[in-house]
Amino acid sequence: MSTPAGAAPPHQMPLGQAAIITLGVIVVIAGFVALGAWLHVTPLYAGFLLLWAWSALHELSLKALPGALIGALTGASLSFMLQTGAAMGSPQLIILALLLMIVAVFLVVAGRAALFCNQSTMLFITVLNAPVIQAGENFRQVIVAIALGAVWFGFVAWVISRFVPAPAAAPA
């Protein structure tokens, strides 16, 4: 398999190590699904979106979790505002939600207010404004799922950080 010009080939790890990590991921995901079922939280995809944003953008850094969480809640709140405006037939609320989303995009592009307007915010605005989700999602449950994901995955990452040493920094 070739890589694009200038791109580094993907890191390969030993298959046994990859299998152990995969098994661990399966256990963590199953635990989150079981916890969500036990608590009757149905839109668990929102917790998984938070996990994706946090892991892909911040490599599960515990220091980055608050920003990823606040960004996710900001994006979900703006999407909820849009849905509420549409459900209530309120053009003013719809316009306000859309203007706030434009401001959020501007702040991300400008690199300002990064705690509230970041990549996580944009991911949640993008996904939660899909028409199929806007048509019938319970955004209160989405916010609960995001918070549950932050607690569950944050706890798991914290536990792992206590037993697995951080990777050594590459020499400069």
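Trainee: What does a side-chain oxygen of Asn-118 reach at the start of α5?

Mentor: This is a predicted model. In it, that Asn-118 oxygen comes to within 3.0 Å of the backbone nitrogen of Ser-120.

Trainee: What makes that a polar contact?

Mentor: The atoms are an oxygen and a nitrogen, to within 3.0 Å. The cut-off for a pair of N or O atoms is within 3.5 Å, so the label applies.

Trainee: Why is Thr-121 called buried?

Mentor: Thr-121 has a relative accessible area of 0%. Buried means under 20%, so Thr-121 is buried.

Trainee: Where is Thr-121, and what does Thr-121 touch?

Mentor: Thr-121 sits in helix α5, residues 119-128. Leaving out residues up to four places away in sequence, Thr-121 touches Gly-71, Ala-72, Thr-74, Gly-75 and Phe-116. A polar atom of the Thr-121 side chain is 2.7 Å from the backbone oxygen of Phe-116.

Trainee: What makes α5 mostly covered?

Mentor: Seven of the 10 residues in α5 are buried. Among them are Met-122, Leu-123, Phe-124 and Ile-125.

Trainee: Which helices do the buried residues of α5 pack against?

Mentor: They pack against α2, α3, α4, α6 and α7.

Trainee: Val-132 is in helix α6. Is Val-132 buried or exposed, and how do you know?

Mentor: Exposed, at 71% relative accessibility. The cut-off is over 50%, so Val-132 passes.

Trainee: How far is Val-132 from Ile-102?

Mentor: In sequence, Val-132 and Ile-102 are 30 residues apart. In space, their C-alpha atoms are 22 Å apart.

Trainee: At what angle and axis distance do α2 and α7 pack?

Mentor: Helix α2 (residues 45-58) packs on helix α7 (residues 139-163) at about 50°, and their axes are 7 Å apart.

Trainee: How many residues of each class does the contact of α2 with α7 have?

Mentor: By class, 12 are nonpolar, three are polar and none is charged. Gly counts as polar, and Gly-47, Gly-149 and Gly-154 are in the contact.

Terms used:
Residues numbered from 1 in each chain as written. Predicted model: local features only at pLDDT ≥ 70, side-chain atom pairs only at ≥ 80, totals over all residues. Heavy atoms only, no water. Axes fitted to C-alpha atoms, helices over the stretch in contact; angles between N-to-C directions. Helix = DSSP H or I, 4+ residues; strand = E, 2+ residues; numbered from the N terminus. Contact = heavy atoms within 4.5 Å. Buried < 20%, exposed > 50% of the residue type's maximum accessible area, 1.4 Å probe, protein only. Polar contact = N/O pair within 3.5 Å; in protein donor to acceptor, adjacent residues only side chain to side chain.
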